[in-house]
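Please keep the sequence and the model in view while reading.

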Amino acid sequence: MNQIAEVKRINEYELTHDLTGTSSSWHADFSSSSWVFVGGLPKNLTEGDVLCIMSEMGEIEDINLKRSDDTGKFEGFGWVKYEDFRSAVIAVDGLGGQQILGRSIRVDHCLAYNVPKKKEDSAPDNEKDAEMKAIYGGGGEGEGGEVYTANGNVGKRYDGEELEGWERL
C-alpha cells in the first residue's frame with residue numbers, strides 16, 4: 001500500500017473511532033513540528049505556485065524547495081513550515097493525494113527538519129552599491145536638489161507639493 005493510501009486509511013479509522021483532535025491521533029506524534037514535506041509536484045511549478053497551493057491550508061512561515069545545484073531548477077519536492085501545527089495537520093489530511101497538473105502529490109509531517117544554511121553573498125553591500133552605480137549611472141542627488149537618472153538626464157526631486165493640473169492625469 002502506498003503512503004498516500006495509508007494516510008487516508010488511518011484518517012478514516014480515526015474518524016470512525018472519534019480519535020481526531022485527541023492525543024490518540026497519529027497527528028499528535030508530530031505536534032512539536034509544523035513542517036511538512038511535499039513531494040510529487042510538477043517540476044514546472046514556481047515557488048509562487050507552491051505557496052499558493054500550500055497556503056490554502058494555513059499561513060506559511062517558511063518554505064524550502066529543493067533545486068538542482070547545477071541548473072537551479074525545481075526538483076518537484078520541498079518543505080513548508082506553517083505558523084501553526086494545526087495547519088500542518090490540515091495540509092497532510094487535505095492535500096495528500098490531490099492531483100496537480102495530473103500528478104498526485106504527497107504531503108506528510110516532518111518531525112526533525114533542519115533548515116539549510118543560506119549561502120552568503122561574497123560581496124559586501126557597499127561593493128554591490130558601487131557596482132550598481134557604475135552599471136546604472138547612479139541615480140543619486142546632486143547639488144541644489146537635482147536628481148541624476150540612469151540615462152544621465154537631470155530631473156527634480158519631489159518636494160512634497162502637489163502638481164498643478166494633476167486631476168487631468
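Strand β1, residues 35–39, is joined to β6 by 4 bridges, and the two run antiparallel. Strands here are DSSP runs of E with at least two residues, helices are runs of H or I with at least four residues, and both are numbered from the N terminus. Two strands pair if DSSP finds at least two bridges between them. In β6, V107 is the residue opposite V38.

This is a predicted model, in which local features need pLDDT of at least 70 and side-chain atom pairs count only at pLDDT 80 or more, while totals for chains, interfaces and linings use all residues. Residues are numbered from 1 along each chain as its sequence is written, and side-chain values use heavy atoms, with hydrogens and water left out.

The open sheet has 4 strands in the order β2-β3-β1-β6, with antiparallel pairing. Its edge strands, β2 (60–67) and β6 (106–109), each pair on one side only. From one strand to the next the twist averages 20 degrees. Helix α2 (residues 47–54) lies across β1, β2, β3 (74–82) and β6, and runs at about 135 degrees to β2. Axes are lines fitted to C-alpha atoms, for helices over the stretch in contact (heavy atoms within 4.5 Å), and angles run from 0 to 180 degrees between N-to-C directions.

H109 is located in strand β6. H109 counts as buried because its relative accessibility is 8%, where buried means under 20% relative accessible area, exposed over 50% and partly exposed in between (1.4 Å probe, protein chains only). Leaving aside residues up to four places away in sequence, H109 touches W26, H27, F30, W35, F85, A88, V89 and V92.
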